[in-house]
Amino acid sequence: IKYVYTWGAGKADGDGTMKALLGGKGANLAEMTRIGLPVPSGFTITTEVCTYYYDNGRTYPKVLRSQMEEGIANMEKIMGYKFGDAKGFPLLVAVRSGARDSMPGMMDTVLNLGLNDKTVAALAKATDNERFAWDCYRRFIQMYGDVVLGVQKNPDEDHEPFEHVIESYKHEIYGKDIIDSELTAEDNKELVTRFKDLVKSRTGHGFPEDPWEQLEGAAGAVFGSWMNDRAIVYRRKYGIPTAWGTAVNVQAMVFGNTGANSGSGVAFTRNPANGENELYGEFLVNAQGEDVVAGVRTPDPVAGMEEALPAAFKELMKVRKILEKHFRDVQDVEFTIQDGQLYMLQTRNGKRTAAAGLKFAADMVKERLINWQTAVMRNPADQLDQLLAPVFDVNEAAKATVIAKGLPAGPGAASGRIYLNADRAVIAAEKGERVLLVRVETSPEDLRGMIAAEGILTSRGGVSSHAALVARQMGKVCVCGASGVEVDYEKKTVTAGGETFNEGDFLSIDGTAGTVFGGELATEPSEIITGLIFNKKSSQNTEKYQNFVQLMEWCGKATRMGVRTNADTPDQVKTAVAFGAEGIGLTRTEHMFFEGDRIDAMREMILATEEADRKKALKKLLPHQRKDFFGIFKALEGKPATIRLLDPPLHEFLPNTPESQKDLADKLGVEVEAIAHRVHDLHEFNPMLGHRGCRLAISYPEIAEMQARAIFEAAAQCVKKDIPVQPEVMVPLVGYARELELQVEIIHRVAEEVKAAKGVEFDYLVGTMIEVPRGAITADEIAKHAQFFSFGTNDLTQTALGVSRDDMGSFLSSYQENDIYPKNPFASLDTTGVGQLMEIAVEKGRSVKPDIKLGICGEHGGDPDSVTFCHKLGLAYVSCSPYRVPVARLAAAQAAI
Ligand code: ADP
Ligand code: MG
Ligand code: MG
């Protein structure tokens, strides 16, 4: 088996399509080589080796070593240097991890590998640059010692051990802090000695001198890091399968630290925060790449490179065009300039905020780089709601004082209580507080805290710092590098603009502008909301709004499946329709019983023991319901409305405290005991599986009768007013065909009565929810009485899993940690289990009624993965809450493309 794939000098074994085998970095290094870009030669050890490693008790395939030797030989031939050469210029390599996507928690890169006491002298001689050679060696021991040998900060230490050695050395010799590039050859030599001592005292072994031992050690550390805690946490959060494994890249070093004509940088081909078409990134003269992201020296904006290294900058601008044209997407690149010559070290599709992604896609269609279908695919459905997220209220922001400014790294507005460490941020967020995580800079250890926080503020680090990258990816509001913010971890205070804030105090950050405000600031809705829903002209003139509307139009063109909404009021209907909903998939009628004094009539109905009394009470409810339905029909302007008959158990409507019972007794003129007694009678041990859904109307058919009458009389009113209507009456919780049959009889009879009485005609459908397993597997029998099915996946999940949605909090996290639930099954459809019940129901339903209308109205209707599943099932529509409609439309369009 081929475990090693080489690239260099315009040729490569692999290419950009081979990310599964070569990892993202390796595949794209091969691809960049193939299209003629200047990439230092190297090879990739495939992800199959990682799999082998874990399947075989952490050992390697036998042939790997000889294939790696061939890989090194190939690099030696192309570069003209020898690995471990103690006489001439030694070939040094970078060992770089390479999962399919870059993953925080994976081993950091080790640069300058291959140096030892002999080769460092050879390097100094060959380059005639002692400072440079010993700078490389010092860096190498530090990186290797840290990431491969595990010489890291103990919990009781304040500093990284290597940094500590450097700092004390600087103070010892210079009496102050100087930057690393100012260290002389002699300084670096002395530091190498001290570093080696540190390694020896920490690990009990000397620093490995043999380049091959170094190489195998570094490769092993990459594979080993696949299973470290941070990597596991990250994979769980992003649903990355453990089985994917990581690759390892070994690449010839190029040096950005040879002097003033060299440097390193990172850049995006366009601005990943706001989408502007401009090169965006950071750059440092006389530095190796790690310096740019490490936050030790603050890098310059990449534009500054034009002055410092004009020829290389011009080259970089050319490469930028080539890359975008080739990959047809915005690229995030890493590069190094060695003595004026540009080298590309990495490219990948740039992570972006939802707002930038929207603009990239729209612009690239205009530039004819991509077609509209690709543009639709480029907008991640699960990030779309970022665009709908609020911004600071303009007036409030104008009044508030800016206490610091930083870089706008993750757009949006966030206001919250500050916490200075991840654990405390998590605890506060669990208590329901809105949290801002404030750090000097973040590292992968802070990931949990960043997930818990509304926003992230750092005082150091640029737009490619860890905080910025992670925030963009998670869609968190982020301001980074706010140097005016002083963070004191010990005192747990943040000082800025002359004010001091304690943990728990409010700060507000605007990640679009990069500003920090003291205190809590109110927010206002996004332009998309105000433009679409409130028809605000100034919002509609913004590019963001127009790009969004354009995207939704494309979605409409692509989609097969419709999107409806779950709405109970005309206002909700209007919002959803503005977002493009094609109708109502679920109106929950029970909410309608709580308004004003209707609840009294409802309670009177429940308290009644005789049918006649019940009917009398229901009669009072009828006009209210009719009015509600009329309002909804009118707001829908002829779009279909699925209305579910009463579902929850009756005791939910009854007063439960002695005071409220007394109150009701007075109102109804009955004894309070009678009410207490009835409440007691209705008590259920397991209301979810109790007297609810169609069971209510089986016992009390007059309830269904009243609701049907309200629906049809409202429809008749519409017809009289020339308002088109399409009512769809839905019977809940059906498990037996006979249950539905009994309800359908009532509904049809009432419809005929209303038509006759009002002298009008209207069309309507009667159908049922499929939400208990028996209903799903006897769907052929049920379909005989139903014109449509709507999957009630909330209940279907509860009943299929035997898990109560309201009681799962106590074990959900252990179920996720143990990989039992890949995701919360109430948020994202359990496609294997619940999904199979749906498949059965679809098949059986269609076997009886080929054109039966199928939809879904559970929470899952707004979850992109579940929407994709529904598309594959062939459902006619999904239904979700109004603000999820755009997400569902995008997911439905993507499923169809
Ligand atoms: P990450 O995935 O964390 O970005 P990389 O493997 O890309 O790690 O390496 C980080 C940095 O190390 C790069 O941005 C680059 O500056 C530097 N680097 C990597 N490979 C080389 C190389 N062959 N020559 C010089 N510098 C390199
Ligand atoms: Mg990189
Ligand atoms: Mg239900």
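Start at ligand 1: the shell around it draws at least three residues from each of domain 1 (1-115 + 210-253) and domain 3 (263-349), with bounds from an automatic or database domain assignment. This is a predicted model, in which local features need pLDDT of at least 70, side-chain atom pairs count only at pLDDT 80 or more, and totals for chains, interfaces and linings use all residues. Residues are numbered from 1 along each chain as its sequence is written, while chains are lettered from A and ligands numbered from 1 in the order in which they are written.

Now select the shell itself. It holds 18 residues, the closest being Ala94, Arg96, Thr109, Gly289 and Glu334; a residue belongs if its C-beta atom, placed from the backbone, lies within 6 Å of the ligand. Elements giving two or more residues include strand 6 (93-98), helix 10 (289-294) and strand 12 (331-338).

Next, select helix 12, residues 310-327. Helices here are DSSP runs (H or I, at least four residues) and strands likewise (E, at least two), numbered from the N terminus.

Which residues of helix 12 are buried? Colour Ala312, Phe313, Leu316, Val319 and Leu323; buried means 20 or more other C-beta atoms within 10 Å of the residue's own, exposed 12 or fewer, with C-beta atoms placed from the backbone.

Finish just after helix 12, at Arg328, with its positive phi of about 50°.

Methods. Expected span 1.5 Å × (residues − 1).
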